[in-house]
Amino acid sequence: MRILIIEDDKEASDYLVKAFREQGHVAEHAADGLEGYATAQEGDYDVLIVDRMLPKMDGLSLISSLREQKVETPVLILSALGQVDDRVKGLRAGGDDYLPKPYAFSELLARVEALVRRRIGPRGEETHYRVGDLELDRLSHKVTVGGQEIVLQPREFRLLEYLMKHAGQVVTRTMLLENVWDYHFDPQTNVIDVHISRLRSKIDKGRENPLLHTIRGAGYMIRDGMR
């Protein structure tokens with residue numbers, strides 16, 4: 001999961017980022033409401049964790065503004081305000097869940113996982129991926145960059161789909177060989193490098209902040225180029 005934590009308490013945010021990363025998730029942090037609002041609009045997150053009391057823009061205003069901008073990312077609100085009226089206000093502002101402080105991380109993790117499962121739906125498989133202005137639709141087999149359709153060869157499409165499915169995560173050469181080429185051995189060729197180069201020329205052409213990154217000694221990663 002890609003998780004954005006919008007929390008002004010440094011100790012609390014550091015703890016959450018560390019805890020989620022230890023669970024194998026990609027966790028990022030914004031320290032105030034305005035930063036969180038901008039980051040949530042730019043990034044492709046599975047869930048937002050929003051503290052209610054934030055500087056510059058309070059949590060409920062942030063959520064309401066995101067919903068007005070048609071950002072439908074699930075939101076879990078964290079707050080020391082735990083009365084029924086407080087929870088109702090949070091949900092009516094556009095929150096999907098509300099967890100009063102103090103809380104157990106195990107419960108927070110379970111609630112976040114439930115929100116993501118609910119978003120994906122019963123099929124358990126997303127059909128549409130988005131990273132920045134790059135979008136891929138598995139059903140129509142269509143890829144667009146900034147709203148403009150680009151043509152990919154079947155293997156390029158499969159490669160991009162796998163990278164976008166694991167956006168924000170390092171994808172190793174072994175993972176690509178097994179899941180994109182169906183090889184369970186290393187063919188000792190530069191087939192991956194060739195396809196990565198072709199893909200990069202199509203999705204990152206003329207882009208100041210590229211989406212596709214080579215992680216030296218590890219593999220590849222696709223992430224929002226503005227981040």
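Helices (H or I, at least four residues) and strands (E, at least two) are DSSP runs, numbered from the N terminus.

## Ground rules

What you have here is a predicted model: local features need pLDDT of at least 70, side-chain atom pairs count only at pLDDT 80 or more, and totals for chains, interfaces and linings use all residues. Residues are numbered from 1 along each chain as its sequence is written, and side-chain values use heavy atoms, with hydrogens and water left out.

## The parallel sheet

Let's start with the open sheet: five strands, in the order S2-S1-S3-S4-S5, with parallel pairing. The edges belong to strand S2 (26-30) and strand S5 (97-100); each has a single partner strand, so one side of each is left without a neighbour in the sheet. On average, neighbouring strands of this sheet are turned by 20 degrees against each other, direction ignored. Axes here are lines fitted to C-alpha atoms, for helices over the stretch in contact, and angles run from 0 to 180 degrees between N-to-C directions.

Two strands count as paired if DSSP finds at least two bridges between them. Strand S1 (residues 2-6) is joined to S2 by five bridges, and the two run parallel; in this pairing isoleucine 6 stands opposite alanine 30 of S2. As a general point, strands of a sheet pair through backbone hydrogen bonds, either parallel or antiparallel.

## Strand S4 and its crossovers

Strand S4 (75-79) has five of its five residues buried, so it is largely enclosed by the rest of the structure. (Buried means under 20% relative accessible area, exposed over 50%, and partly exposed in between, with a 1.4 Å probe and protein chains only.) Val75, Ile77 and Ser79 point one way from S4, while Leu76 and Leu78 point the other way. In a regular strand the side chains alternate between the two faces of the sheet.

S3 and S4 run parallel and are joined by four bridges, with aspartate 51 opposite leucine 78. To get from S3 to S4 the chain passes through helix H3 (residues 59-68), in a right-handed β-α-β crossover. Right-handed means that, with the strands pointing away from the viewer, the path from the first strand over the helix to the second runs clockwise.

Four bridges also join S4 to S5, again running parallel, and leucine 78 stands opposite leucine 99 in S5. The chain goes from S4 to S5 by way of helix H4 (residues 84-92), and this β-α-β crossover is right-handed.

## Helix H1 across the sheet

Helix H1 (residues 10-22) lies across S1, S2, strand S3 (47-51) and S4, and runs at about 165 degrees to S2. How far should the 13 residues of H1 span at 1.5 Å a residue? They should span 18 Å, and the end C-alpha atoms are 18 Å apart, which agrees. The expected span is 1.5 Å times one less than the number of residues.

The buried residues of H1 are Ser13, Leu16, Val17, Ala19 and Phe20. Seen down the axis of H1, they fall within an arc of 170 degrees, so they line one face of the helix. That arc is taken from the directions from the helix axis to the C-beta atoms. Over on the other side of H1, Lys10, Glu11, Lys18 and Glu22 are exposed.

## The hairpin

Strand S6 (residues 128-131) and strand S7 (residues 134-137) pair in the antiparallel sense over four bridges. The bridge partner of tyrosine 129 in S7 is leucine 136. S6 and S7 form a hairpin with two residues between them, and glycine 132 in the turn has a positive phi of about 60 degrees. S6 has a covered face, Tyr129 and Val131, and an uncovered one, His128 and Arg130.

Most residues other than glycine have a negative phi, and most peptide bonds are trans. Lysine 56, in the loop between S3 and H3, has a positive phi near 75 degrees and is exposed at 67% relative accessible area. Lysine 70 is found in the loop between H3 and S4; its phi is positive too, near 65 degrees, and at 65% relative accessibility lysine 70 counts as exposed.

The peptide bond from lysine 101 to proline 102 is cis, with omega near -5 degrees. Proline 102 sits in the loop between S5 and helix H5 (105-120).

Technical notes: Contact means heavy atoms within 4.5 Å.
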